[in-house]
Each structure stands twice: as structure tokens, then as C-alpha cells.
Amino acid sequence: MLIFDHSRPGRTAAAQLPAAGGSLDDLPANLRRRAPPALPEVSELDVVRHYTRLSQLNFSIDTQFYPLGSCTMKYNPRACNSLAMLPQFLARHPASPDETGQGFLASMFELQEMLKDVTGMAGVSMAPMAGAHGEFAGVAMIRAYHDARGDTARREIIVPDAAHGTNPATATMCGYTVKEIPTDATGGVDLAALKAAVGPQTAGLMLTNPSTLGVFEKTIAEIQKIVHDAGGLLYYDGANLNAILGKVRPGDMGFDVIHMNLHKTFSTPHGGGGPGAGPVGVSKRLLPFMPIPLVLNENGAYRLATETDLPQSIGRMSANMGNAGVLMRAYIYARLLGREGMHRVAEYATLNANYLMVRLREAGFDLAFPTRRASHEFIVTLKKLKDATGVSAMDFAKRLLDYGYHAPTTYFPLLVPECLLIEPTETESRETLDGFIEAMVAIKHEAETNAALVKGAPYSLPVRRLDDVKAARELDLAYKPAEFIPSRV
Amino acid sequence: MPFIPHTEEDVSTMLGAIGAASIENLFDEIPAALKTGKLKDVPDGLPEMAVARLMQERASQDGFWSNFIGAGVYEHHIPAAIWQITTRGEFYSAYTPYQAEASQGTLQLIYEYQTMMTRLTGLDVSNASLYDGASALAEAVLMAVRSHKTSRRVLVPKTVHPIYRRVVDTTVKNQGIELVELDYDPATGQTMLPAEPGGFAGLVIPQPNFFGVLEDVHAMTDWAHDKGALAIALVNPTTLAVLEAPGQWGAKGADIAVGEGQPLGAPMASGGPYFGFMCCRQDFVRQMPGRIVGRTVDLDGKPGFALTLQAREQHIRRSKATSNICTNQGLVVTAATQYMALLGPQGLAKVASNSHANTVALADKLTAIPNVTRAFASPCFHEVVLQLNDNAKDVLRALRAQGILGGLDISGWYPELGQAILVCATETKTSGDLDQYAQQMERILSKRREAPPCAYKN
């Protein structure tokens, strides 16, 4: 049932509405709306009950184990939410003068400094509002750097084939062409292909390390040298920063620019698809190009830097200062964790991943890269199972939902057939991992003995498998009941 | 250990299963030379109690203000139910709804959101939201250029928020897109249409514009269409309860509508998170960036919801995607959907008309003070530009000393307006608040007239 089905003409949530409306008579009649928008007319209880019930149709970290590879679905501490939502923080207008927000800005400045430390970068700007937004900022800075030097022939970005789709899409948005390079048999960047790919046209290389294949690029020092020797810059996609937090710093690996996904590594909520936060960190040579605003500390007085402070900045990315409330949650998380906690993140994320990987291998699952350590995640390939039983990674994932586990990432990275990318994160207990292993084993057994059962899954969720083809062919993107008056009157 | 449940016994059992002597051994593929020493700038961890105390102190330091700043972000009352439900773990800690069967709550909510946005804007389709209003405008500019095919020029009036124009520039400048500024009429504050032969992809039409002034959207829409360009509406969702929907502008209606979703239930919170909305005519749906949810059926024929038209997106199309965007601002959209449902058509209209009436009343009170005048003669919605015969910055500072944030100094962005402030009074302001502001303004201005600061003495 949709909220619109609860609607009755004339019903209102009276207590929430302001008193009688003011006059609009001074506005030109032709600019005023002729028919009111057909929003629902419902009571407060209708809204509370409807949306509470909708929430109960979701899987979430708070209710289920969520081993979604590459997404770092760790526990989102409740204190981060409640303290970021203190009424004074919520009430502050973003265009208020800096002196009215010193408590807020102090928190932002300290987060900025902590992010510099954990990444080993010379500067951090927290303007970007998501990982992809941070990628855009990063590649735009690479371009601004080359352009500022008059080195305008560099128009190509190199991207490994295992990369997230956002990497090539971002390069295109920055006016670059994309050159893909292959992965070698152990999951690393193919160095010979990289050497062949670089040249005077190379603006940079975008790299995720550990890669989306769940392994650390052991040859990072050589990769770094090849790209830098060719005059290109090195971009670090921070999607997998959770694997190395407090262990290795991108700055120490020679990266020139990085983005972080605070909704992964710093445990801000995913919120059903956002908001995230994608701060960027830069090496010394990219400092002048950072997006604004960033926070400056002038003898204990904090203020936002503007175009005047950074005349070569790539510019602004949002109307205000990014997803400030998300940054607050990340700051609070960092304070709760502290230095020791920060070092522990990668340790226990890696412990959990390797434990899960070894136990699944023992249970007869095939690993994509059996000779490698897992980073914070690893890949199981179900190719043999698919060949033998017809049960695909998708079927397997859907059956896991019936067992009460969110599915791992499926069909990504694209180059491993029938893959499940599994990331347990550090906040899950051994008992949870053991339960998941039991479910994996049980489903494997089902696939081998009753494949049809697995192929028809899920059975216990609010809906069974959905018709995606119908969704795309017979587009129904907004509710239009038969009696609905079309938009143009 | 904060947020790590492992006991010592767990660790030794797990290491035993792995066959590793220590956790450190699990990092043996990382070259030793790269390993990080102790972090320097991260302080020791604090218990929740101590962090709570710290944050409460910082919040108190920032305090509460009587706010009359708008400029794209508006202080509206947010019903208590909204964020209580929005922060339920099932919404708060869920991922992007790729596994549709396990995400029907979020998916249905987005479908309802899309429906509400199409009804507010009078357009056919809506996406699941973008980062914020400014980035939504940038995406609309890119979309207009993709749709137009021959021109890479887009006309952007100076009456569009100056920071929005900068964000658009940051976003599109590397793709060979030219942004052309349009002047405004100094008497009315409305955009003047140039003698343009055509050959541009889109015209941005702000309603109300940055000055709070209402543009002649019908004429602008028709003009853009006559020139073969797309009409891009940049609108405030609250005002759409009472102002004509973009889908009804001119003879054919605007093609794309975008704007800042913050007024629909998002707290101001120093800048975010908010969300940008985007709606368009059906013809352009395949050019639209961002997530889109569609209604379909499951294996048993039961209705359900799923992400659709994913062939536009980066995880499928990679370098050929419509945008690199992956996220929407899901959680804020969760709040906005409930806000629109709770307020309904009547409530939203009251919020809009009360904000308008309060702003008009405040402008009347302030312009009754000598040397305070309205910059433009035309009707405004819930913001107004006032010119002061005094230093705007100093006056605002003096008001601040009385606990009042009196508006935004826009003299730097629009030097031709002289000492000008943009002032907004939403439905949250009482007549007492308006009187208080006017009294303080009068007191400050007269005091400064009688005893000007040393720097201004002849």
C-alpha cells in the first residue's frame, strides 16, 4: 500500500501545520499555481505507521549481517548520530559567520587533521559529498595541475580493469579519455601492460589498493615509479581504506591524490544509498588546487577558506560545505576510536576476512586468488558450482537472504566469473561469521541436491524475485492512478 | 575495544584456523618499508561519556540565533516524527537497494518520493535525488547539453545563486561547455533576455531567483523553446505549493526542474546533508543522471519496486555513463518524503504563504526605517534584497551582538547593488521576532548615524 492510498481529501496532520496561511494576493496571478499539488492528505499516525512499516521491509546493519564486499558495512555507532544531531548543530545556518560556529568548525578542523595523518597526505579538503564526488575532485585537480604547468597534452587516464565503474566515468567527466589495463594472474596490476600504456599523454593512473580483487598491490613501489617517471600522477581510490587504516598510508605509497569514503571507513551511515562524504587528500604539489571550502585554524580561530585563500582551487563542489552532518558523525567516530582504535580497524577487518576465507575454502568453496592473503575482503567464485548445478552467484545471493544474511557483492569485479565479493568488517563477532559460514555450506548443499530451490529464492522476503525487464521496458516511475489528473491543466 | 567484539580467545582461535602466528602476519604481503608507525595527530580514544560532554560543550559554544538568513537554505519547522523515523536503523544503516527483495522499504519510499516530486513540479519523472541543489543544477546543464547534441552553450542568469554558478562551472568546465551569464534589470531584479539568435542548449530559469524576486517564467520558457533550447527550471520546493509548477510554464512547460531539497525537512546543520532533486519530461528520462526506482512485479505477480534504467549508470556503462554519481542522498530523501506526506498540499501551502507574508511584513517594518530601501520594485517570495545607506557588514555585526543574524551581505557578489543584504523570514518567525529585528535595526542605524564609528567621521 502506498502512502497515497491512505489519502483522504481534507485530512491533515493539523498539529504539524502552521497557523492560518498568510496572504499571497500581492503576487501576480499568472505566476501562482492553479491546482494544488496532489500530495498525500493524511494524519500524523498514518505517516508514522506507514513509514515505520516500510522500514521493517529493509535489511540493514542494525538487523542483519551485511558482508557486502567493497562497501564496508560496519556498525554505525549510535552516539555519532545523536551527538551530530545536537540541536545547536542542527540549527546553524551554513551562511552564518564563522564566529557563530567555532564549535562546529573546531570539530571539522580536527577531523581534517586526523584524515591527513591517517592518509599521510599534505592537505585534505572535505568538500566532496560522496566517493564519486571525491574522485571528480581528485581527477579535476590532476587536470588543473597539468594545465597550470602548460602540460596540456596529457589527456589520458589509466584505469585497471578491476576498477569501480566510477573511475572511468569520472575521467570522462573531467574531459579525459580512459585507457584500461589488465590484471595479472595473482590479481595485481599487469606491470608490462602498465609500462606499455604510459607516455606523454598520461595524466595519471587511478588505483584502488588493496584492489577490488581483495589483494594488496605488492608492486606498488614499481607502479608508482612507472607512472611518475612518465610524468603522470597517481590517484588513490579510497574505497578499500578500511583494509589498511593505521597500517599503510597512501601518502607513503607515493600517491598524489586520494579520496576517502567516510561512509565506509569512518562508519557514517549508508542511509539506503547516501548521504556519504568523500574528502580528498593531496600531496604537496596539489595543495593549491584543493576544492573549497576547507577549514583554517588561525591561532585558535577557525574559518572557512575561500577563493581568495586558494585562487588556483578547482572551485566549489556544493552550495555550502559538503555533507557537514556526515563529517560530524565521522569526527565523533574518530574521537571514540582514537589512535589505538584506528590502528585496530584494519587489523580486525583483516582478521575477520582471512578467517572467513580460510573457513569457506575448507568448506569447499573456490577462491578467486587462492595463493593470496585476503585484505579486508576476498572473492569466492561459484563458476564450478554454476557449471555443475546451474546455480549462479545471483541465485546463491538471493538464497542467503532467506537465511537472514545480506548477500555479498555479486558480479563485481567484472573479471571474475560468478563471483561473490565478501567483506565482513571488524565489527562482526566470530559467532556471526560462523553462522554465515553455516548458511553458505547449507546453500551449497541445497544447490547440489535441489538446485531449483536455490534458483527460486528468496521465499521469505516481502517479495520474490522482481521482474527487472518489465521495470525497464514498461516504465512506472511515479504513481498515476486511473483517476489521476495529468500534470498539465 | 571500541566496536570490536573479539575476545582474546576469539583471536587465538581465528588465527589458529588461518594458520597465522599473529594479526601482524596477516599483513605480510605489504612491503615492510611502507608500514605506518604510530599515528601522530589522532588523539587517544575517549569513552562515549567524554565525547558526549565534548560535543555538548561545542554545541553550547555555537548556541542558538534568531536567524534571518535564507539564500538557498531555509529554516522551516521540522515535525518531530520525521527524524525519529528516519534514523530508525532499518533506514539509517541500510545500503543502496541493489538487493531489491531485501530493500523494499527504501525502494517503495523512493517511488513515493519520485511521485511527490513529479506532482510538485508538474513533470513526468523524477530521479531518486542528487547531492544538493547546486550539483543538481550542474547535472541539469550537462543533461541539456547531452540532449541538444549540437550546442555546448548554456545561458545562466546572474539572478542564480552565485555559488551555484561556481559549482556548475567547476563541474562542466572540463567538458568544453560554455556558460553565458545573463544580466538582470536593475529596477526589477528580473532576468533580461538578450538578443540571442539561438544556438544554445539550455536556459536556466530560477523561480524565485536569488534575490527572492519572481521571474516571468512563462516568457522565459517560451523564449528558450523558440530558440530550440531546453528550459531548465531552478525552483524552491516549498514555493511550489503555491507557485506555478514548472511543467505548466509557458506554452509547453519546462523540460527539466532541479533544486535544493533542504526546505523539505532537512535541518540547516551548517550545510548538509541535504539533497538535490531533479525531474524532467518523459522524453529525457534516459539522459537523466542518478538512481531511479520503478514499480514492477515479482515472480508471483505481486507488485514490488526495483532500481531501473541502470544502463545509464557508471557501474554498467563505465566511461560512457550519464554521470559518475552512485549515491542519492537516501536518508535525507527519507525525511523529505515524510515531510511532504505530513504537510500535505494544505500544510506546504501554509508554510509557503506564511513565509511570504512574514518576509513582506519584515521588509515593510525595515523599510520604514530611514535609509533602508528595497532594491527591487517587483514582488518577492520569501526573501528580499534591502539596501542600506551604511556598511552592511558592520550593521550585521551589530545585529549579531543582539543575537540576530540579520541576513546575508551580498555586496561582494553584486557590487552594483551597493551595501545590500538578503533577508528571509520563514513561517518559524513570530511577529515578536520581526519587531525585535526591526527595533534593533532602527536602534543600530540611528546610533551609527548620530555617532558614526571613527573611521567614517569626516
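## Domains of chain B

In this predicted model, the C-alpha centres of domain 1 of chain B and domain 2 of chain B lie 29 Å apart. The assignment for chain B builds domain 1 from two stretches, 66-72 and 345-450, and gives residues 80-337 to domain 2.

Where these two domains of chain B touch, 20 residues of domain 1 and 17 residues of domain 2 take part. On the side of domain 1 of chain B that faces this contact, the elements that supply two or more residues are α10 (330-367) and β12 (384-388) of chain B, and α10(B) gives the most, with seven residues. By residue class, that side of domain 1 of chain B consists of 14 nonpolar, five polar and one charged residue.

## Domains of chain A

Chain A is assigned a domain 1 that spans 79-337 and a domain 2 that spans 345-471, and the centres of these two domains, taken over C-alpha atoms, are separated by 30 Å. In chain A, 18 residues of domain 1 are in contact with 17 residues of domain 2, and the side of domain 1 of chain A that touches domain 2 of chain A divides into eight nonpolar, eight polar and two charged residues.

## Paired strands in chain A

Strand β11 (residues 378-381) of chain A runs antiparallel to strand β10 (residues 366-367) of chain A, and two bridges join them; within this pairing, L367(A) stands opposite V380(A) of β11(A).

β11(A) is also joined by four bridges to strand β13 (residues 419-422) of chain A, again in an antiparallel arrangement, and here T381(A) has C419(A) of β13(A) as its bridge partner.

Terms used:
Residues are numbered from 1 along each chain as its sequence is written. Chains are lettered from A and ligands numbered from 1 in the order in which they are written. This is a predicted model: local features need pLDDT of at least 70, side-chain atom pairs count only at pLDDT 80 or more; totals for chains, interfaces and linings use all residues. Domain bounds come from an automatic or database domain assignment. Two residues are in contact if their C-beta atoms, placed from the backbone, lie within 7 Å. Ala, Val, Leu, Ile, Met, Phe, Trp, Tyr, Cys and Pro count as nonpolar, Asp, Glu, Lys and Arg as charged, and the others, Gly among them, as polar. Two strands pair if DSSP finds at least two bridges between them.
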